Amino acid sequence: MDDLLREFLTESGEHLDTVDAELVRFEQDPNNETILRNIFRLVHTIKGTCGFLGLPRLEALAHAAETLMGRFRDGLPATSASVTLILLTLDRLKAILADLEATGTEPSGSDDDLISALERMSEGPHEPVAAAPPPEPVLPDPVVRELKPGEVSLEDLEAAFMSAPGPDESDFLAPPPPVAPAPTPAPAAPAAVAPAAPKAEVKIEAKIEAKAEPVEAEKPEPARVEKVEGAEGEATAAAKNQTIRVNVDTLEHLMTMVSELVLTRNQLLEIARRHEDSSYKVPLQRLSHVTAELQEGVMKTRMQPIGNAWQKLPRVVRDLSAELGKQIDLVMVGNETELDRQVLEVIKDPLTHMVRNSADHGLESTAERVAAGKPARGTIRLAAYHEGGTITIEIADDGKGLNLAAIRKKAAERGLASQADIERMTDAQVAKFIFHAGFSTAAAVTSVSGRGVGMDVVKTNIETIGGLIDIATTAGRGTTFTIKIPLTLAIVAALIVRAGEHRFALPQVAVLELVRVDAGAQRVEHINGAPVLRLRERLLPIVSLTGLLGQSSPGAETDQAGFVVVAQVGRERFGILVDEVFHTEEIVVKPMSVKLRHIPMFAGNTILGDGAVVLIVDPNGVARQVAQGVQGSGGHIDSDADEAVEMADTKTTLLVFKGGQGSFKAVPLSLVTRLEEIECAKVEWLGGRALIQYRGRLMPLVPADAAITIKSEGTQALVVFSDGERAMGLVVDEIVDIVEERLDIEIAADRSDLIGSAVLRGRATDIINIAHFLPLAYDDWARGLKRPEQISTILLVDDSAFFRDMLSPVLKAAGYQVITAASADAALAALQSDPQIEVVVTDLEMPGRSGFDLVAAMRRAEPRLAGLPVIGLTGAIGADAVERARSLAISDLVAKFDRSGLISALAEIGAATVSKAA
Amino acid sequence: MQAANANTSGAPTNGVETGATDDFVTVYVGETLFGLAIERVHDVFVPSGVTPVPLAPAEIVGLLNLRGRVVTAMSLRRRLGLPDAEAEADGTKASPKMAIGLEQAGETFALVVDGVGEVLKLGADSREAVPINLDPRFRDLATCVHRLDGRLLVILDVDALLGFTPAGAKAA
């Protein structure tokens, strides 16, 4: 293939992509002469070159398309059908070009179908819809056709064209025609249309509104670069003349050489450090600077605007819009944001896929949107911007949001996590299930998506380049995917660590923190041989790097001192145990040899400043290995979380904070909804009470101690408690820690705001009584549930004084009389002696006679006791516990900390008693 | 013809040539002499600072820094299915190991051998086909054998040598 042909292929490919995007724009904005002129010119160029190179098939097609576009120029309204036809022609052109590229010759075949259709369309009278065979039966965009009466503007357009010499380069370089006539059509159009097509009025206005922004944005010259819609204006064309084409291989080679230079520089610096009085210092410094600048410059040559990856999207969205019958606006922001072309290649397809997904799954149908009171046109917004050393790309739609309930259900069905886990997960965690292979909640499989392939591939692709993907979704408001990717893959910051005898580099993007472990307080523990670390009261699965790399038997070294590198890949957090951590270094990533590329543990290798070769550990590979390894030894990462919960059964997890005069206070963590840090400026005062707007509601703030005053500036720490829709912020001085301890409370009865005090981590700590604070926030909190008439006295059985003291005020506040018993025996005695007791609330797990034994004894006793309703409190509601409870006619099982669950269970029993009595 | 192709001490003389000759770099592993086509040999160096690659195929010794390039080092012994030299109590070969820099598909490899001999210029007259009773591992990697004075030189096929798949050895 000769150079000329190759050049032609590259150029035509780019031209066609541009024409694709421009046509979609033109369809929406048929009065824009600039766009039309541009399209016309590009197609004309292709046609001319084809003729020159002797490519008859391409030439004939391009000619037919050009003729039809010429008719647009002469005033033929651009209908959806005709634009679609031209787009189809462009697709054919691309297919022929691809063949040409592969074989070097134009493939044989006939394009008579398209050519005749194009000719029919261009010869046809001004009734294009009747004349043309519409390829898609439903074209949901009647607006363009409706604009027909606005022919005044088309005449303007024509006049402007007639004054221009012709569709060649010289024309293009001519000074742009006065901008003044261009904006006129836009306001004129609705006025002209309104009487003609009253039915379409609403749609048109919506469209004009939606389009107003880009049209206006085009008027000032510099703004054009910002939008794809305005990207191919004269401004960029002029800029094109300042660029040259460079072979990618040349750039790659340059990059390699610069990387070598960086390494050599690093080595020199290392040497200079050892020789104190070196006279090389100054020139070396200069060399260092020049190298850094050179590196930056060469990196820049590899940079391409992300707009290149987006170029195809307007077309994709247009086609989808027709296919799905939805009206979709695509807004693209920051398409000049540059990133490494290697990265660009990797994210191109995922981006397209996600936009397709947003259009198909994310956005509702027009009817649904209107019914929901949203604008009929859905919007997909793509935004890209730099953030530190990474690029953030957002893909947002204003659709219905993810159906989290459906995802939860599906995740449980597919056994991705246990039901209990899924219920505990936050919405963000649940949303991430869509990244599992084969996961789809689409009710119907469409040709666009819903087959459950894709999102997992998207995630994999992004993770292979060290990127992260996140989802934020709000029901009814839309979904936003956020992708964070490194600027370049060639040079990364890495942590240099030692494992066994060798050093390794760990890419810093995956590293969250470092924890020093030894045989003392922070030590690695084992569950069935699997090493774990307690980190802020969460269990972190640990892998030893040496074990992972087969250098020592797993678990053998985990007792020794070392460092745990806490890493996160996607949803998985894990710790990598290493022996030593040295420093961080900007390393030049060199690819692994083909002979070693199959090892999943390594992402590449590099040469350090001291000349040694080190391997770069791939966190993704490690993450996969962690999951497998833990599975192999009898459990999954998620089930480790279960064990953490079970361990909490014997110990209680408490949130410790400073509240008032430096004293330590604590509250059971399970009662806490969230910890917040708020801006003091956001605190509002209403009727002497402090409030803050929190998640769209007003939340009262209550100081945890009389000595605490809400700060007036800076930030204020809050412990948020919520109950149903109500939330309260407990104002504390400082959140100190979360501790897991066996509670031994000494009761301090003189203060209602405290349950008592306990020794936590060697400090005397007050355990606060939340039941005291809730009514302070809402007068009616406790009275929220109407006191049930039928039940008035409850026997609360729990061996733990802490729970008795915590629950009694809650129950009392809810309007019940409470009698407490510390054991099954005491409970039976109380039941015998007090006929007032109408409901028994008992802890099921008690030392000695358990709650089950108590209930069994009651059931065997006299009829009054045998018939008493019982509510069981349990730490973990397992299947066997449910079974056993059912056999003993226990009315309800409530999780131990579920205060509101208990109250509603009591209310239910009350209601049941009423209905029985009636 | 083939005047002074002495294997050990003779200079690489060419003597009186009758036909085209090929140059070979000779290397030895244990007692066996091997020849590598000189066009394929880029470097001869002493490997140092080899970073082992865990989980790598047995043939791979590790990675090393050769003038700023990362080079994959491969043991000829292991490639031929021979035990490592360290295991041998061979006092005569006490000198440090040598490595031959080879290139394939744009990637540089270092072939670690016990030692490097001289460059020999050999003609077709001393060439023999690979004996069929050779160990298959040798047979797969050898192109021919040259008869030298008192010993034999096995010519290795560099592409076959480097052409093993990560899963294991592959037939040439």
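Colleague: Which hand does the crossing of α1(A) and α2(A) have?

Modeller: The crossing of α1(A) and α2(A) is left-handed. Left-handed is used if the near helix is turned anticlockwise from the far one by less than a right angle, and right-handed if clockwise. Helices here are DSSP runs of H or I of at least four residues, strands are E runs of at least two, and both are numbered from the N terminus.

Colleague: Before we go on, what kind of model is this?

Modeller: It is a predicted model, where local features need pLDDT of at least 70, side-chain atom pairs count only at pLDDT 80 or more, and totals for chains, interfaces and linings use all residues. Residues are numbered from 1 along each chain as its sequence is written, while chains are lettered from A and ligands numbered from 1 in the order in which they are written.

Colleague: At what angle do α1 and α2 of chain A pack?

Modeller: About 155 degrees, with the axes 9 Å apart. So α1(A) is roughly antiparallel to α2(A). Under 35 degrees counts as roughly parallel, over 145 as roughly antiparallel, 65 to 115 as roughly perpendicular and the rest as oblique. Axes are lines fitted to C-alpha atoms, for helices over the stretch in contact, and angles run from 0 to 180 degrees between N-to-C directions.

Colleague: Which residues meet there?

Modeller: Among them, A:L4, A:F8 and A:F26 in α1(A), and A:I35, A:L42 and A:L53 in α2(A). Contact means C-beta atoms, placed from the backbone, within 7 Å.

Colleague: And α3 with α5 in chain A, what's the angle?

Modeller: About 15 degrees, again with a stated axis separation of 9 Å. That makes α3(A) roughly parallel to α5(A). The residues of their contact divide into 9 nonpolar, 2 polar and 2 charged. Ala, Val, Leu, Ile, Met, Phe, Trp, Tyr, Cys and Pro count as nonpolar, Asp, Glu, Lys and Arg as charged, and the others, Gly among them, as polar.

Colleague: Now the sheet. What is its strand order?

Modeller: β16-β8-β9-β18-β17 in chain A, an open sheet of 5 strands with mixed pairing. Strands pair if DSSP finds at least two bridges between them. The edge strands are β16 and β17 of chain A.

Colleague: How many bridges join β17(A) to β18(A)?

Modeller: There are 5, and the two strands run antiparallel. A:F602 stands opposite A:V617 in β18(A).

Colleague: How many residues of chain A are in contact with chain B?

Modeller: 22, and they meet 17 residues of chain B. On chain A, α13, β17 and β18 each supply at least two residues of that side.

Methods. Contact = placed C-beta atoms within 7 Å.
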